Amino acid sequence: MEPQIAEQEITMPIVFEAEDPLAKYREQVAAEKELKPCVMSDKAAERLKQINYEDKVAKQSEEKFAYALTQISPTPENLAKLITRCSDDPKNSRRLVKLLFWIQSRGWRLGHEIRLPSDIALLSELTAEEIEMSDSVFAAKWRVKKMVAPISDEPEVRLCALGRRCLRAVKGKAAPVTGKAEYCSVNCRGRAKILARKASTGQMAA
Ligand SMILES: [Zn+2]
């Protein structure tokens, strides 16, 4: 029996009491796992891909809708049709009054500031109070006090600070400046200095 015992002893796992030299790395790995607790499963990854795809499709149809809106002139008739398509209580003519208000008094454009079916529904949405109020009160609340031109994407054109005294003025209208310049040309800048000097010495400005 003795040899068997000896064999068992040899195959016994050897346990080191010594410190684990990899301990600090193991800790780091554990900490890392703590930070990213959800390693994505294949199923979740697949779902995410699907969501991204759906987002892309939704985005494309939004773009299409917005583009179609740019082709529509914002007449009351057209807006009424849009409200019919985009809202859940299209019969209410007060919705049209509200939508017209934003377009006419803010200059918001179809297909630009107003892009989505939900924009049309939201901008024309009536509060409970608005549904209840009398026609005259509602009309007064949403009356367009001042018509505003549609918002423009063109950068604002700045004119020479000399105004009608600009040397390149045409019919009293100063020439445009480039960039952040104050005057349209070196000549106008010089003239501005001369005019300022004349003004400060009490002479009549040219
Ligand atoms: Zn000028």
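**View 1. Leu99 and its contacts.** Beyond its neighbours within four places in sequence, Leu99 touches Leu79, Ile83, Ile120, Leu123 and Ser124; two residues are in contact if their C-beta atoms, placed from the backbone, lie within 7 Å. The model shown is predicted: local features need pLDDT of at least 70, side-chain atom pairs count only at pLDDT 80 or more, and totals for chains, interfaces and linings use all residues. Numbering starts from 1 along each chain as its sequence is written.

**View 2. The largest nonpolar core.** Here you can find Leu99 again, among the 11 residues of this core, together with others including Leu69, Cys86, Ile103 and Leu110. Such a core is a set of buried Ala, Val, Leu, Ile, Met, Phe, Trp, Tyr and Cys residues joined through C-beta atoms within 7 Å, where buried means that 20 or more other C-beta atoms lie within 10 Å of a residue's own. At least two residues come from each of α4, α5 and α6 (117-123), with α4 giving the most, 4 residues.

**View 3. Helix α4 against helix α5.** The axes of α4 (residues 76-86) and α5 (residues 94-106) come within 10 Å and cross at roughly 115°; axes are lines fitted to C-alpha atoms over the stretch in contact, with angles from 0 to 180 degrees between N-to-C directions. Pro76, Leu79, Ala80 and Ile83 of α4 meet Arg95, Leu96, Leu99 and Leu100 of α5.

**View 4. Helix α3.** Helices are DSSP runs (H or I, at least four residues), numbered from the N terminus. Of the 29 residues in α3, the count of buried ones is 1, leaving this helix hardly covered.

Terms used:
Buried ≥ 20, exposed ≤ 12 C-beta atoms within 10 Å, placed from the backbone.
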